Structures are given as structure tokens and as C-alpha cells.
Amino acid sequence: MKIVIIGGSGLIGTKVAALLRNRGHDVLQSSPSTGVNTLTGEGLSGALAGAEVVIDLANSPSFAPADVLSFFKQSTSNLINAEKAAGVRHHVALSIVGIERSPDNGYFPGKVAQEDIVKKGGVPYTIVRSTQFMEFLGGIADSATVDKTVHVSPGAFQPIAADDVAGFVAEAATGTAANQTIEIAGPDKKPMSDFLTGYLAATHDARTVVVDKEARYFGSLVDDQSLVPLGTAKLGRLDVKTWFAQRAKAAA
């Protein structure tokens, strides 16, 4: 089966491609660097020729809220239209848990718009909503740092390893297109501040964590329902302790 991965050279895209190739699928990893640009439409028709499944992992090159919204509207519309013309039978989009519950997060409205276009686009779809990746814990700490202290909410958090995300996306791509949204998360659920404290300790980072209910997560206040699945979710196999151990082994 030919499967096209849009944004196929990124963290998740490379992992998904490897999994699918190991299962015998014909995988095309596409991105602007390979001449496929969903924002302009360049190269889409050629890339999608003969494809049965498209996985959309594209991301906005700018994180300014207006740019993110514009990107996901234009990119997703162009992609869905090209898929219909090519006869693609299954569109898989990677999205984020809780995007409708944090409107002050400048990135999330773009993902809401993306999901809406996919649902109304006419191509059978699976939306995979994921919690934050464990690989981004360092970035979260950096964004929350003020004078060598990390101000973090005690709101519930449930990060997932990129390897597990890739596995769930590959599973969705080879499954039935049932016009559904599934949610995925890591096996550990606890306050965001606990995860950041553990991350700094594991990476021998001297910064200290300040637990602050008013601390914002990329613009939004976080409570116990903001960023975690509220219903049934598929849970990854890698807990944080195991993930840290794997990272330490790889570094050694």
C-alpha cells in the first residue's frame, strides 16, 4: 500500500516511515525540501498519485498565532482537495488533546481549524489526538524559566514518548478509516510540575521548579482537565522512568 507522509522528515514522520516500511508498505516522505508544499500546493498531485493513505504531520513554519491559523487552514484545504482528486481513501491527521479547552494557547486554534476542515472535507479520516511529547519537556522548561526558576502549573499532565506516538499513528494509517477521533497519552498522569522537576533532576539541570497555579502553558492557564484525555484514550507503553533510562543509555 502506498502511504504518503506529509511532513515526513520530522520527529514523528521519520519514526512512522520506518515502522510502515518494516511492515512492507510503500512510503513516501514528503516535505517542502522534497518539492512537496501543502501551503502552495506545489508537488501535491505528483506525490499523491496512486496513494491510498495520507498522513498529515505538517507544521507551521511560524508559531505566531495568526500564521499558525492561516497555515493550517490553507495547508489542510489544499491537501484534502488534492486527496479527493487523487482518490485517496484515508486521511490521518495528528492533532492535540484538549485544543478546544485552551483557547488562549496561540497554537491551538489552528489545530481546531485543521480538524474542522478534515471532518468536513469528504475524505474518510482518522484524527489522532496526542498529549504533549516527552521529548518537549526541555522546551517547556525553557519557556517557563524566569531568573533560573521554572514556573510551572500543578495542572494534570500526561506526556507520551514520540516512539509511542509513531506507533499509534502507523496503526491508524493501516486501520479502517471510520471518520473517528482517537486520543493517545502516556501511561503516567500527574501534575505538570512533577514532570518538570523530574526532568531537571534527570538532566542534572540546576534550575528549580516553582509550582504556580497562575503559570501559563504557552499562553493558557492549565487545570486538571486542560491537557489530558477526559474519556477513553490509548496509552503508550513507555513510562517516564523508562524513557529517561533509554535516553541515558543512548547518551552513554
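Modeller: A crossing is right-handed if the near helix is turned clockwise from the far one by less than a right angle, left-handed if anticlockwise. This is a predicted model, where local features need pLDDT of at least 70, side-chain atom pairs need 80 or more, and totals for chains, interfaces and linings use all residues. Residues are numbered from 1 along each chain as its sequence is written, and side-chain values use heavy atoms, without hydrogens or water.

Biologist: Which hand does the crossing of α3 and α4 have?

Modeller: Right-handed. The axes (lines fitted to C-alpha atoms over the stretch in contact; angles of 0 to 180 degrees between N-to-C directions) of helix α3 (residues 65-86) and α4 come within 8 Å and cross at roughly 20°. Therefore α3 and α4 are roughly parallel (under 35 degrees). Helices are DSSP runs of H or I, at least four residues; strands are E, at least two; both are numbered from the N terminus.

Biologist: Which residues of α3 meet α4?

Modeller: Contact means heavy atoms within 4.5 Å. Val68, Leu69, Phe72, Lys73, Thr76, Ser77 and Ile80 of α3 meet α4 residues including Pro109, Ala113 and Ile117.

Biologist: What volume does the largest pocket have?

Modeller: About 1000 Å³. A pocket is an open set of points on a 1 Å grid over the protein atoms alone, where a 1.4 Å probe fits, with protein on both sides within 12 Å along at least five of seven lines; lining residues have an atom within 4 Å of a point. Volume is the space filled by probe spheres on points joined across faces, edges and corners. Of 41 lining residues, Asn59, Phe63, Tyr107, Phe133 and Phe136 are closest to the pocket centre. α1 (11-22), β4 (90-96), α4 (108-120) and α5 (137-143) each supply at least two.

Terms used. Angles under 35 degrees count as roughly parallel, over 145 as roughly antiparallel, 65 to 115 as roughly perpendicular and the rest as oblique.
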